[in-house]
Amino acid sequence: DKWVARKNRAKHCNCVKMYDVGWYNTCPHLCKYCYANYDEKNVFNNKTLHDIDSPLLIGNIRETDIIKKIEK
């Protein structure tokens, strides 16, 4: 089981759990080898959804969103 292997490895090598907080197709740098951008048109469309007053990178929190607090 991959999860068990990662969990055990983390115990021995001091790895930390990672949480992806990004959104695909949002980085305006458009680096050629970046996994996060795969549709240049969507990058520019998503940029128009940015709200400087929102806690989210793109858009706003909706009633249907699920927000989970991460334990330290």
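Reader: At 25% relative accessibility, what does Leu30 count as?

Author: Leu30 counts as partly exposed at 25% relative accessibility. The general idea is that buried means under 20% relative accessible area and exposed over 50%, with partly exposed in between (1.4 Å probe, protein chains only). A word on the source: this is a predicted model, in which local features need pLDDT of at least 70 and side-chain atom pairs count only at pLDDT 80 or more, while totals for chains, interfaces and linings use all residues. Residues are numbered from 1 along each chain as its sequence is written, and side-chain values use heavy atoms, leaving out hydrogens and water.

Reader: Thanks! Where is Leu30 found?

Author: Leu30 sits in the loop between H1 and H2. Helices (H or I, at least four residues) and strands (E, at least two) are DSSP runs, numbered from the N terminus. The protein chain has 2 helices and 0 strands; H1 covers 2-13 and H2 covers 40-47.

Reader: What is the backbone phi of Leu30, and what is that of Asn25?

Author: Leu30 is not a glycine, yet its phi is positive, about 55°. Asn25, also a residue other than glycine, has a positive phi near 60°. Asn25 also belongs to the loop between H1 and H2, but it is buried, with a relative accessible area of 3%.

Reader: How many disulfides does a search of the whole structure find?

Author: A disulfide is a pair of cysteine sulfur atoms within 2.5 Å. Here the search finds 0. For Cys27, the closest cysteine sulfur is in Cys34, 6.0 Å away, so it is too far for a bond. Cys27 is partly exposed at 27% relative accessible area, and Cys34 is partly exposed at 28%.

Reader: Which residues make the nonpolar surface patch?

Author: Patches are made of residues with over 30% relative accessible area and no salt bridge; like charges are joined within 9 Å, and nonpolar side chains (Val, Leu, Ile, Met, Phe, Trp, Tyr) within 5 Å. A salt bridge is a side-chain nitrogen of Lys or Arg within 4 Å of a carboxyl oxygen of Asp or Glu. In this model, Trp23, Tyr24, Tyr35, Tyr38 and Leu57 make a nonpolar patch of about 650 Å². Trp23, in the H1 to H2 loop, is partly exposed at 43%.

Reader: And what does the accessible surface of the protein chain come to?

Author: By the Shrake-Rupley method with a 1.4 Å probe (for residues, only the protein chains shown count as cover), the accessible surface is about 7400 Å², of which 56% belongs to carbon and sulfur atoms. Buried residues make up 12% of the 72 in the protein chain.
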